[in-house]
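I opened this notebook to record what I looked up in the structure below. The entries follow the order of my reading.

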Amino acid sequence: MPITTTETPDLAREDAVFRKVVRRIVPFLILCYVVSYLDRVNVGFAKLQMSDDLGFSEAAFGLGAGLFFIGYFLFEVPSNLLLQRIGARVWIARIMISWGLVSALFVFVTNETMFYALRFLLGAAEAGFYPGVILYCTYWFPSHRRARVIAMFMSAIPVAGIFGNPLSGWIMDRFQGVHGWQGWQWMFLFEALPAVVVGVITLVYLDNSVRSAKWLTDEEKSIVERAVATDAAHQTVHGRVWDAFREPKVWLMSVIYFCFVMGQYALTFWMPTFVESTGIKGGFAVGLLSAVPFLAALVAMNLFGRSADKRRERRWHLVIPSLMGAVGFTLAASWTGSTALSLVALAVAAAGVLTCAPLFWSLPTGFLGGAAAAAGIAAINSVGNLAGFVSPYMIGALKDATGSTSIPMYVLAFALLIGAGAVLTTKKQAVNR
């Protein structure tokens, strides 16, 4: 007999339904984010050839890498509001196709101005994808299931590092000079194409809502909708867009996320440079060794995500990884003379820093709902991602000034300590669900 909206479904049945939802949605979202992240950070690999070919300084590269996040910041909130209005299927497809086309244009970069302009446009094109997916997950999963799901989704970051780094290095080595193009030009072209292809697939595959999902029965739709509605009753900030901007907790969340993103993009943009600075030569070798810290992160982020949902505890599951990241960066700054020790330190840093991001989103999605959630999630993500501008530019400028990567790592460790302290100022009753 079908379950009506007034009945409480059996927990085993509910678990089975949500496993079905995970199998349908999460692997595809992971694929989208792998493609997204690869196009966002492959400039870190291009730097190994591009800076010499075009005469870019470390600071110029860092500025260009960071300008992505200025475009991202300016268009993030409007993009997420449009996603809520138009629907995830069309809007996420639009985002992916447009960023793939912009990414391919990097083939034609010849000077700093073109580099800066395209990085800005890439950020504008991609704005709304990540917070859009976070918002989309709130349509399908209650908060006590969300940390694990978001951790699975954000596994795309280490997966992009594990497979993307060796791939980028191989393309640059293998296609160097083919038809008169440099290896970095071929890399940008080859890695832009999947975004367009997956964007077109999104138009067919993704559903806008639980109710429109033809692969769920009416009973299964009721189970999912009931669980999400019950969870939404605990959210304290609903309604209008501007309600999110007037909420002090939104700005606290922005500060916390800024600190964590500082470490995240330091790793993803500069990992090839960190590894190369230990004496490793050759794009493919650098790529293989750069993948090691991301393997550690892949394991850590999923273990922490499962534990956080099982125990329904959010704060210490976020503080501990941030402290791991701080320790990892501090050790990496001290062990620059040894490739093996540097990789161990970077593995600890990556495991900590990349675990922070998925677990972080359990905090704001616990109190934001309605239109305020669309605006609030986008605002937190856009302000936090300004660290994606600050971090690479800061590292490049300090590296130019000091000739060392150690001082930037100490700065990153300090930022993670600030983030950990800010997490502990949140009330556990508001987030531990």
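Is Tyr-205 buried, partly exposed or exposed? I looked it up in this predicted model and found Tyr-205 partly exposed, with a relative accessible area of 27%.

I next turned to the ring partner of Tyr-205. The structure holds 25 aromatic pairs. Because Phe-28 belongs to helix α1 (residues 11-41) and Tyr-205 to helix α9 (residues 183-205), the pair ties together parts that are 177 residues apart in sequence. Phe-28 has a relative accessibility of 9% and therefore counts as buried.

I then stayed with helix α9. The rings of Trp-184 and Phe-188 have their centres 6.3 Å apart and their planes at 85°, so this pair is edge-to-face. Trp-184 and Phe-188 are four residues apart in helix α9, which means about one helical turn separates them. I noted both Trp-184 and Phe-188 as buried. Both also belong to one aromatic cluster, together with Phe-56, Phe-61, Phe-106, Phe-115 and Tyr-116.

For a helix pair, I looked up α6 (residues 129-140) and α7 (residues 143-154), whose axes come within 11 Å and cross at roughly 145°. The crossing is right-handed. Among the residues that meet are Phe-129 and Val-133 in α6 and Val-149 and Phe-153 in α7. By class, I recorded nine nonpolar, one polar and one charged residues in this contact.

Last, I took the overall figures. The protein has 19 helices and zero strands, and 60% of its 433 residues count as buried.

Technical notes. Residues are numbered from 1 along each chain as its sequence is written. This is a predicted model: local features need pLDDT of at least 70, side-chain atom pairs count only at pLDDT 80 or more; totals for chains, interfaces and linings use all residues. Side-chain values use heavy atoms; hydrogens and water are left out. Helices (H or I, at least four residues) and strands (E, at least two) are DSSP runs, numbered from the N terminus. Buried means under 20% relative accessible area, exposed over 50%, partly exposed in between (1.4 Å probe, protein chains only). Axes are lines fitted to C-alpha atoms, for helices over the stretch in contact, and angles run from 0 to 180 degrees between N-to-C directions. A crossing is left-handed if the near helix is turned anticlockwise from the far one by less than a right angle, and right-handed if clockwise. Contact means heavy atoms within 4.5 Å. Ala, Val, Leu, Ile, Met, Phe, Trp, Tyr, Cys and Pro count as nonpolar, Asp, Glu, Lys and Arg as charged, and the others, Gly among them, as polar. Rings of Phe, Tyr and Trp (its six-membered ring) pair if their centres lie within 6.5 Å; planes under 30 degrees apart count as stacked, over 60 as edge-to-face and the rest as tilted.
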